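Hi,

Here is the structure I promised to pass on.

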Amino acid sequence: MSKLKEKLDSGKFTITAEIGPPKGSDVSEFREIVKLLKGKIDAFNVTDGQGASMKLSSLAGCLVILSEGEEPVMQMTGRDRNRIAIQSELLGAYALGIRNILAITGDYPTLGDNPGAKPVYDLDSVGILLAASSLMKGRDLAGNLLKGEPPNFYLGATANPNFFPIEVELIKMEKKIEAGARFFQTQAVYDINVAERFMKEVSNFNIKVLLGIIPLRSLKSAQFVSKMIPGVKISEEVLRRMENASDPKIEGLKIAAELIRKVKEHGLAHGVHIMAIGAEKTVPILLDML
Amino acid sequence: MIITKKKPIEEILNELDSYEKIFIVGCTLCATASKTGGEEEVREMKEKLEFSGKRVVGTVVLDPVCNLQKSKLDLKKYVSGISESEALLCMACGNGLQTLGEIVEDKPIFPANDTLFLGEVKRFGVFEERCLQCGKCLLTNGLAICPLSRCPKGMLNGPCGGAKDGLCEVNQDLKCVWMEIYERLKRMGRLSDLKKINLPLDYSIKIRPGQHYVRRGVLNEQT
Ligand code: SF4
Ligand code: SF4
């Protein structure tokens with residue numbers, strides 16, 4: 001059983017965070033971060049070649065998390081695998097104890113550190129969800145029977161509350177839900193109004209939503225985030241706070257903490273998903289601020 | 001139209017390094033439209049090669065190169081030039097080059113062009129990829145916009161997370177094709193079409209390499 005599902009179903013405010021696996025086979029620092037966050041969050045997302053950069057696999061990272069007694073969310077992109085590889089990795093993941101899957105299409109290879117790679121994209125995010133749902137019914141995507149108990153995944157997908165026009169994003173979410181997504185982790189939001197509007201739009205979807213939080217680290221990182229995340233707008237006030245802060249890193253964490261508290265107090269979403277992107281060690285500080 | 005671009009002349013000369021007598025083949029269709037292998041380009045190529053000390057023993061612009069039987073016939077008039085040559089330079093697409101290879105079996109043939117894609121001529125010198133020849137056209141919905149060929153990720157169910165301000169994550173010179181699809185459906189009052197899940201493609205219908213028997217536009221499975 002997915003503990004993440006249990007927690008979300010119980011209605012308690014849920015916190016997940018993302019950690020990027022190392023670019024190398026040494027998982028000691030990765031494990032250290034897991035230990036730092038142990039018991040403090042409900043599940044750990046392990047990215048799958050985030051930003052199309054070649055890293056240790058999500059599956060391997062998830063096993064490290066399991067070995068620490070914590071719960072992983074395996075991110076699975078369609079960028080590098082065809083439907084045979086995706087399904088076999090999903091089966092492998094389940095056999096090894098992984099219950100949560102986040103289906104993502106994946107950033108394009110030219111944006112990463114192996115720009116010459118051949119992109120696959122046999123399945124888009126909806127296709128990955130269809131494949132996983134199919135396995136859960138005891139058949140592969142082509143309809144062939146699986147042996148034994150079918151896997152029982154808790155399937156998730158991503159959404160971007162900042163996307164314009166939001167109509168397109170909502171339709172896409174509906175498709176993901178139809179294909180099997182039960183929880184959503186969103187792109188970062190910095191504006192409580194954006195979050196509120198988005199949550200209102202999805203209120204009749206039968207899903208759990210974890211709003212994305214990316215703590216800012218500097219004025220520059222604010223500009224970076226605005227550039228990277230489609231549609232994201234960071235308010236003048238937040239920018240000013242980052243600019244005037246004596247310790248921008250702490251200020252960024254404070255801003256994130258304030259937002260999380262608001263989400264929690266107003267019962268806006270079912271939880272939050274923290275993406276510290278390389279600064280995972282600061283996440284415990286953020287959690288202490290809540 | 002098959003869109004091609006010229007290889008740099010240095011690269012061509014490098015390939016032709018050990019050959020002196022060259023026969024040039026152009027193509028009246030796609031390569032002419034792409035300005036990579038029409039009469040004019042063939043003439044220019046001849047001058048360039050001669051300037052670099054080569055002897056051009058003949059040229060022809062076939063109509064088009066990729067029609068095997070026709071090209072076989074048309075090349076009959078050029079047998080002497082071809083047999084005198086040490087190598088052929090093909091100014092058509094990659095397909096045309098291989099057609100030529102089937103006719104001229106005993107000479108090396110070099111490409112003068114890089115073959116890019118099957119596309120539309122937007123206007124003179126501007127081309128856009130429009131079809132990946134997937135084998136079973138998805139555009140049965142009246143939409144006339146192919147997400148498979150016009151989205152780098154071939155997204156079948158809406159934009160990826162990377163579309164920024166309506167532009168494509170991969171190439172910011174292009175509008176995200178899903179924005180175009182959205183706008184067109186909206187104009188047609190058919191936005192609900194966006195909700196239909198497109199299943200993963202069936203690539204089994206596209207066995208590569210393939211020899212296909214088409215009679216009167218109908219693909220015959222057994223011939
Ligand atoms: S769906 Fe796209 S790639 Fe396939 S045949 Fe139609 S236009 Fe070509
Ligand atoms: S931005 Fe749009 S066109 Fe570009 S890869 Fe994503 S979905 Fe495809």
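Below is what came out of it, starting with the contact between the chains. One thing to keep in mind: this is a predicted model.

**Where the chains meet**

Chain A puts 28 residues into the contact and chain B puts in 26. Together they bury about 2300 Å², with 63% of that on carbon and sulfur atoms. Across the contact there are 10 residue pairs in polar contact, both partners at pLDDT 80 or more. On the chain A side, helix 5 (125–136), helix 6 (166–178) and helix 8 (219–228) each bring at least two residues. Helix 6 of chain A gives the most, with seven residues. Sorted by class, the chain A side has 14 nonpolar, four polar and 10 charged residues.

**The ligand**

Which residues surround ligand 1? The shell is made of B:R130, B:C131, B:L132, B:Q133, B:C134, B:C137, B:L138, B:L139, B:C146 and B:L148. By class that comes to eight nonpolar, one polar and one charged.

**Salt bridges within the chains**

Over all chains, the search turns up 32 salt bridges. A few that I'd look at:

- A:K281 and A:E29 pair up at 3.3 Å between the closest N and O atoms. They sit 252 residues apart, A:K281 in the loop between strand 8 (271–275) and helix 11 (283–289) of chain A and A:E29 in helix 2 (residues 28–37) of chain A. Both ends are partly exposed: A:K281 has 39% relative accessibility, and A:E29 has 46%.
- A:E68 and A:R31 come to 2.8 Å. A:E68 is in the loop between helix 3 (58–67) and strand 3 (72–77) of chain A and A:R31 is in helix 2 of chain A, so this bridge ties together parts 37 residues apart in sequence. A:E68 is buried at 9% relative accessible area, while A:R31 is partly exposed at 26%. These two also belong to a network of salt bridges with A:K35 and A:K38.
- B:K5 and B:D114 meet at 3.1 Å, N to O. B:K5 lies in strand 1 (residues 2–6) of chain B and B:D114 in strand 6 (residues 113–123) of chain B, so the pair joins parts 109 residues apart in sequence. B:K5 is partly exposed at 40%, as is B:D114 at 22%.

Cheers

Methods
Residues are numbered from 1 along each chain as its sequence is written. Chains are lettered from A and ligands numbered from 1 in the order in which they are written. This is a predicted model: local features need pLDDT of at least 70, side-chain atom pairs count only at pLDDT 80 or more; totals for chains, interfaces and linings use all residues. Side-chain values use heavy atoms; hydrogens and water are left out. Contact means heavy atoms within 4.5 Å. Buried area is the accessible area (1.4 Å probe) that two parts lose on being put together, summed over both. A polar contact is a pair of N or O atoms within 3.5 Å; within protein, one must be able to donate a hydrogen and the other to accept it, and residues adjacent in sequence count only if both atoms are side-chain atoms. Helices (H or I, at least four residues) and strands (E, at least two) are DSSP runs, numbered from the N terminus. Ala, Val, Leu, Ile, Met, Phe, Trp, Tyr, Cys and Pro count as nonpolar, Asp, Glu, Lys and Arg as charged, and the others, Gly among them, as polar. A residue is near a molecule or strand if one of its heavy atoms lies within 4 Å of it. A salt bridge is a side-chain nitrogen of Lys or Arg within 4 Å of a carboxyl oxygen of Asp or Glu. Buried means under 20% relative accessible area, exposed over 50%, partly exposed in between (1.4 Å probe, protein chains only).
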